[in-house]
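Here is a short briefing on a protein model. Look at the sequence and structure first, then read the notes.

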Amino acid sequence: MPSEDVTTRRVFLGAAAAAGGGMILSGARADQPEGKSPAEGKEQHEEEVSPAEDLMREHGLLNRVLLVFDEYVRRIDGKGELPPEPLADAAGIIRRFVEDYHEKLEEDYLFPRFEKAKLLTDLVQVLRAQHQAGRGVTDQIRQRATAAALKDADERPKLSASLRAFVRMYRPHEAREDTVLFPALRRIITASEYDALGEDFEKKEHALFGEEGFEKMVAEVEKIERALGIFELSQFTPRA
């Protein structure tokens, strides 16, 4: 089994559990062993995130960027304000984190294993093609995420079409991976190989983004959401 890591990237703490094994608390805890620092005690209760969970929560980050794209489509349709910086930043996250990191993990570590096992090969073929198509659409969005393009009446509909195409493809794309591809991974690799994937993913992330790379990306997306006024979750609740 892989060794435990003190970074928050691959771990999360459980809530208090009073039965048998004592309580798990963040910070100072009632069950802290005598002579142990809070950090040392915390490490004993850390639980690693599996490779599938890791990829799926990165899909959650992607979904938040898709909401940003939805907001720009809404504003284009309603002739609203179109600040270039949040859109450029969102497209930059897609390129850096989703395409150059997350999708590369799938292409380098997952897809070849399914192809070798001759399992879900038709699905893998479509997913590969969609990755490539998505990069082309991201290029279009980045080219039009400028003040000049957003003010151009001829360019705005083109941007809207690119945003719509990206969202339309990636929502079913990630849903199919989450519900079909990722659950099937355990069928074609051993438990030890599955655990080792998590270590490989973490090494790649640290090499590209440093410690807590996922958390940094979430913070970047939150900043974009706040700039556009779409951060508060309650605003998406339907009114009775």
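Is K118 buried or exposed? K118 is exposed, because its relative accessible area is 72% (buried is under 20%, exposed over 50%, partly exposed in between, with a 1.4 Å probe and protein chains only). This is a predicted model: local features need pLDDT of at least 70, side-chain atom pairs count only at pLDDT 80 or more, and totals for chains, interfaces and linings use all residues. Residues are numbered from 1 along each chain as its sequence is written, and side-chain values use heavy atoms, leaving out hydrogens and water.

**Loops and positive phi**
- K118 sits in the loop between α3 and α4 (helices are DSSP runs of H or I, at least four residues, numbered from the N terminus).
- Its phi is positive, near 55 degrees, and K118 is not a glycine.
- K79 lies in the loop between α2 (51-77) and α3 (84-117).
- K79 also has a positive phi, about 55 degrees, without being a glycine.
- K79 is exposed, with a relative accessible area of 77%.
- Most residues other than glycine have a negative phi.

**T121 in helix α4**
- T121 belongs to helix α4 (residues 121-144).
- T121 counts as partly exposed because its relative accessibility is 33%.
- T121 touches F114 and E115, leaving aside residues up to four places away in sequence (contact means heavy atoms within 4.5 Å).
- The C-alpha atoms of T121 and F111 are 8.4 Å apart.

**Helix α6**
- Helix α6 (residues 155-184) has 30 residues and should span 44 Å at 1.5 Å a residue (1.5 Å times one less than the number of residues).
- Its end C-alpha atoms are 42 Å apart, which agrees.

Terms used
Helices (H or I, at least four residues) and strands (E, at least two) are DSSP runs, numbered from the N terminus.
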